[in-house]
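Here are some short notes for a first look at this structure. Please read them with the model open.

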Amino acid sequence: MSFVDKLFGKKATMDPSRVRSMMAPTQGLVTEQIGIGRDLMDPTSAMNLNFRNIMAQRAAESGAQSGLQMQKMAAMTGVSPAVAMMQSRMAMNQNMGNINNQFLNQLNQRFGQGMGLLQSATGLQQSLDEGNVNTYLADINAQNARRNQRMGMAASLVGSAMKAFMPIPGAGGTP
């Protein structure tokens, strides 16, 4: 450590790891948002496949109910069992087709939601990073300004002391 550093304090410098540690909690949340956004945009993600399975299950249930209704109507009107079975399968297939269309529409909406989430997370990340870094840099600048002020005061005192002990030329010094 130099004499100046011992006397006035060491000059403050930025530590990038400190900035990263300040951002760690927010970074974790933003990373999570980015993951969710990407999952929403990926048709093969676990989130979307689970959603599709739920929709398919509901379609199968709805189709089965429609099929039962068709069989009941067929029994009441005297339609043959084969025709009733065919109508039941048609109703189930129609429900499954509707579910596939609904799933594709939902995937499109989810892609848009995922993009929005990514854009939002990116903006948040940028704002938080800039704010924390600016605060940290302002603190470093303030520390260095105080150090410079102490150095200036000391230089002024040394200059005043030197003037006090130096003879003034032409003021009755040596003949």
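1. Start with a term. A residue counts as buried when its relative accessible area is under 20%, and as exposed when that area is over 50%. By this rule, buried residues make up 18% of the 175 residues in the protein chain. Keep in mind that this is a predicted model.

2. The fold reads simply. The protein chain has 4 helices and 0 strands. Along the sequence the pattern is α-α-α-α.

3. Now the overall dimensions. The C-alpha trace spans about 145 × 25 × 20 Å along its principal axes. The radius of gyration of the protein chain is 39 Å, whereas a compact globule of 175 residues would have one near 16 Å. The chain exposes about 12,600 Å², and carbon and sulfur atoms supply 61% of that area.

4. Contacts come next. Among those with a separation of 6 or more, 82% link residues 24 or more positions apart.

5. Look at helix H3. At 1.5 Å a residue, its 32 residues should span 46 Å, and the end C-alpha atoms are 46 Å apart, so the two agree. Its buried residues include Asn48, Gly63, Gly67 and Ala74. Helix H2 (16-41) and H4 are among the cover over the buried residues of H3. Just after H3, Gly78 takes a positive phi of about 80°.

6. Finally, the core. The largest nonpolar core has 6 residues: Phe51, Met55, Ala59, Ile99, Phe103 and Leu107. Helices H3 (46-77) and H4 (81-165) each give two or more residues to this core. Setting aside neighbours within four places in sequence, Ile99 is in contact with Met55, Ala56 and Ala59.

Notes: Residues are numbered from 1 along each chain as its sequence is written. This is a predicted model: local features need pLDDT of at least 70, side-chain atom pairs count only at pLDDT 80 or more; totals for chains, interfaces and linings use all residues. Side-chain values use heavy atoms; hydrogens and water are left out. A nonpolar core is a set of buried Ala, Val, Leu, Ile, Met, Phe, Trp, Tyr and Cys residues joined through side-chain atoms within 4.5 Å. Buried means under 20% relative accessible area, exposed over 50%, partly exposed in between (1.4 Å probe, protein chains only). Contact means heavy atoms within 4.5 Å. The expected span of a helix is 1.5 Å times one less than its number of residues. The radius of gyration is taken over C-alpha atoms; the globule rule is 2.2 Å times the number of residues to the power 0.38. Accessible areas come from the Shrake-Rupley method with a 1.4 Å probe; for residues, only the protein chains shown count as cover.
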